[in-house]
Amino acid sequence: MNVFDILGPVMIGPSSSHTAGAARIGRVALSLLGAPAVKADILLHGSFAKTYKGHGTDKALIAGIMGLQTDDPRIRQAPELAREQGLEVNISTGSIDGAHPNTARVTLTGQDGSTVSLLGSSIGGGNILVKEINGMAVSITGQYTTLIVLHRDTPGIIAAVTEILSAADVNICSFSLSRQKKGGQAIMTIELEGSFGPELNDKIQCLPDIYASTMLQPI
């Protein structure tokens with residue numbers, strides 16, 4: 001346990017779980033989209049659904065989607081800022097089977113029509129856990145540099161990616177793999193120790209059978 005776990009993040013209140021964590025979920029979604037969003041569809045589950053107006057969870061998620069930090073005072077005006085920037089926001093509540101009480105499903109659409117969807121939970125002290133991207137299981141905390149590699153499920157692809165990391169003397173903190181079906185679309189999520197430039201991601205992006213590789217910096 002570190003000081004961050006005890007005190008929580010520097011943030012706009014009232015709740016690290018409902019506000020700071022929500023903003024971080026929004027920022028991860030924005031990073032995965034890779035461009036400003038023009039539309040955000042947000043489904044709130046559990047405690048998020050019941051208390052989001054009082055705790056400002058909706059405002060925090062919108063703020064994160066626009067790239068604001070957890071301590072930015074503009075979080076309180078996030079819905080108004082979204083309208084000014086042309087970001088359409090649709091918020092609904094519902095139940096997600098097996099999800100943590102503080103969970104949101106965020107689906108973003110970019111100007112070019114590209115979309116990304118994630119399932120993220122705020123697990124306390126401003127910490128988050130992203131458990132699903134585009135319908136595939138992942139495990140992303142946002143605390144480490146993370147490679148998110150969308151690829152075809154083919155023999156040797158994991159070895160090719162890890163060989164690039166090994167050659168760059170990269171230490172892997174965690175690794176997870178999920179696939180839709182044998183030979184279909186799959187996703188690797190790799191949390192790395194340390195900070196790295198875009199050239200590492202570029203090398204992975206150039207590998208055969210890689211659809212897209214994103215380097216997510218700590219959020």
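A crossing of two helices is left-handed if the near helix is turned anticlockwise from the far one by less than a right angle, and right-handed if clockwise. Helices here are DSSP runs of H or I with at least four residues, strands are E runs of at least two, and both are numbered from the N terminus.

The model is predicted, so local features need pLDDT of at least 70 and side-chain atom pairs pLDDT 80 or more, while totals for chains, interfaces and linings use all residues. Residues are numbered from 1 along each chain as its sequence is written, and side-chain values use heavy atoms, with hydrogens and water left out.

**Helix pairs**

Axes are lines fitted to C-alpha atoms over the stretch in contact, with angles from 0 to 180 degrees between N-to-C directions.

| Pair | Axes come within | Crossing angle |
|---|---|---|
| H4 (57-65) and H5 (78-85) | 8 Å | roughly 40 degrees |
| H6 (157-167) and H7 (198-205) | 10 Å | roughly 155 degrees |

Angles under 35 degrees count as roughly parallel, over 145 as roughly antiparallel, 65 to 115 as roughly perpendicular and the rest as oblique. H4 and H5 cross in the left-handed sense. Lys 59, Ile 62 and Ala 63 of H4 touch Ala 78, Pro 79 and Ala 82 of H5; contact means heavy atoms within 4.5 Å. Five of these residues are nonpolar, none polar and one charged.

H6 is roughly antiparallel to H7. Their crossing is right-handed. Val 161, Ile 164 and Leu 165 of H6 meet Leu 200, Lys 203 and Ile 204 of H7.

**Largest pocket**

The largest pocket holds about 230 Å³ of space. A pocket is an open set of points on a 1 Å grid over the protein atoms alone, where a 1.4 Å probe fits, with protein on both sides within 12 Å along at least five of seven lines; lining residues have an atom within 4 Å of a point. The volume is the space filled by probe spheres set on the points, which are joined across faces, edges and corners. Of its 13 lining residues, Leu 32, Asn 134, Leu 150, Ala 212 and Thr 214 are the closest to the centre.

Note on methods. Nonpolar A, V, L, I, M, F, W, Y, C, P; charged D, E, K, R; others polar.
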